[in-house]
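Here is a short report on one protein chain. Please read it alongside the sequence and the coordinates.

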Amino acid sequence: KFSNSLIRESHRLANLVQELMQLSRVQSAPGLENATEVDLAAVLIDSIERNQVLAEKRNIRVQGATSESVKILGNYEMLATAVRNLIENAIVYSEPGTQVGVGLKQVDGVAEISVTDSGIGIPESEQERIFERFYRVDPSRSRETGGTGLGLAIVKHIAANHGGEVKLFSKPGVGSTFTLRLPITVQED
Ligand code: ATP
Ligand code: MG
């Protein structure tokens, strides 16, 4: 029992260190050095794949839908980190047996990646604060999920680094949709 909790705590610590490093990295990159053309459909598929084990563990189906190829100028790893964090949240803050939808589309020169869940939702009064570092809604209940409250702060920085933003639509007991909106700075070929 003791070694189990030791393992759990060391995982938690490793996670915390990794997130702190990620946050400091995206904070110190106000612009985008070495930006390349990034295929957002590939980012989506990659981010879904990296959450597959977690999704199976929680019995949640993550459904990706991309009909078009959307490319932007940016940093692949950062974008994948952002989408992965959103999908992870959607899985963790949902009941087993539900579905998570991930979509990609292009609207008026803006690429939109949306992650929708039918989970616990977020009260209106908390919807701004969840993007702050270390802020978690109901820390006692979400203790079992073991997060640190840095995920969305990282997502917000990554969006800003790409000249974009994160939009949130959520209703307690119904679910949430997080939308990453990124201006398209690359010509379609
Ligand atoms: P971690 O740093 O491991 O990501 P975290 O998930 O608690 O920890 P954030 O991703 O920043 O941190 O999310 C902050 C809080 O916002 C969460 O603790 C949770 O209360 C709430 N939240 C985030 N995403 C969702 C969601 N899809 N549905 C319901 N609540 C959410
Ligand atoms: Mg999180």
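**Overall fold**

This is a predicted model. The protein chain carries five helices and seven strands. Read from the N terminus, the order of elements is α-β-α-α-β-β-α-β-β-α-β-β. The radius of gyration is 16 Å, close to the 16 Å that the globule rule gives for 189 residues, so the chain is as compact as a globular protein of that length. The C-alpha trace spans about 55 × 35 × 30 Å along its principal axes. Of the 189 residues, 42% count as buried. Take the contacts with a separation of 6 or more: residues 24 or more positions apart account for 75% of them.

**Helix H2 against helix H4**

How do these two helices cross? The axes of H2 (residues 40-49) and H4 (residues 76-92) come within 9 Å, and the crossing angle is roughly 50°. That makes H2 oblique to H4, since an angle between 35 and 65 degrees is neither roughly parallel nor roughly perpendicular. The crossing of H2 past H4 is right-handed.

On the H2 side, the contact uses Leu40, Ala42, Val43, Leu44, Asp46, Ser47 and Ile48. On the H4 side, the partners are Tyr76, Leu79, Ala80, Val83, Arg84 and Ile87. By class, this contact of H2 with H4 holds ten nonpolar, one polar and two charged residues.

**Helix H1 against helix H5**

H1 (residues 2-27) and H5 (residues 151-161) form another pair. Their axes come within 9 Å and cross at roughly 25°. H1 and H5 are therefore roughly parallel to each other, because angles under 35 degrees count as such. H1 passes H5 in a left-handed crossing.

H1 contributes Glu19, Gln22, Leu23, Val26 and Gln27 to the contact. H5 contributes Gly151, Ala153, Ile154, His157, Ile158 and Asn161. The residues of the contact of H1 with H5 divide into five nonpolar, five polar and one charged.

**Single residues**

| Residue | Relative accessible area | Class |
|---|---|---|
| Ser94 | 2% | buried |
| Leu152 | 9% | buried |
| Phe134 | 46% | partly exposed |
| Asn59 | 52% | exposed |
| Phe169 | 61% | exposed |

Start with the buried entries. Ser94 sits in the loop between H4 and strand E4 (99-107). Its relative accessible area is 2%. The cut-off for buried is under 20%, so Ser94 falls in that class. Which residues does Ser94 contact, leaving aside its neighbours within four places in sequence? They are Arg58, Ile60, Asp117, Ser118 and Gly119.

Leu152 belongs to helix H5. At 9% relative accessibility, Leu152 is buried too. Not counting residues up to four places away in sequence, Leu152 touches Leu86, Asn89, Ile130, Phe131 and Phe178.

Now the exposed end of the table. Phe169 is in strand E6 (residues 165-171). Is Phe169 buried or exposed? Phe169 is exposed, with a relative accessible area of 61%. Not counting residues up to four places away in sequence, Phe169 touches Gly175, Ser176 and Thr177. The C-alpha atoms of Phe169 and Ile122 are separated by 8.8 Å, and these residues are 47 residues apart along the chain.

**Positive phi values**

Most residues other than glycine have a negative phi.

Asn59 has a phi near 55°, a positive value in a residue other than glycine. Asn59 is placed in the loop between helix H3 (52-57) and strand E2 (61-66). Asn59 is exposed, at 52% relative accessible area.

Phe134 is not a glycine either, yet its phi is positive, at about 70°. Phe134 lies in the loop between strand E5 (110-117) and H5. Its relative accessible area of 46% makes Phe134 partly exposed.

Conventions:
Residues numbered from 1 in each chain as written. Chains lettered and ligands numbered in written order. Predicted model: local features only at pLDDT ≥ 70, side-chain atom pairs only at ≥ 80, totals over all residues. Heavy atoms only, no water. Axes fitted to C-alpha atoms, helices over the stretch in contact; angles between N-to-C directions. Helix = DSSP H or I, 4+ residues; strand = E, 2+ residues; numbered from the N terminus. Parallel < 35°, antiparallel > 145°, perpendicular 65-115°, else oblique. Left-handed = near helix turned anticlockwise from the far one by under 90°. Contact = heavy atoms within 4.5 Å. Nonpolar A, V, L, I, M, F, W, Y, C, P; charged D, E, K, R; others polar. Rg over C-alpha atoms; globule rule 2.2 N^0.38 Å. Buried < 20%, exposed > 50% of the residue type's maximum accessible area, 1.4 Å probe, protein only.
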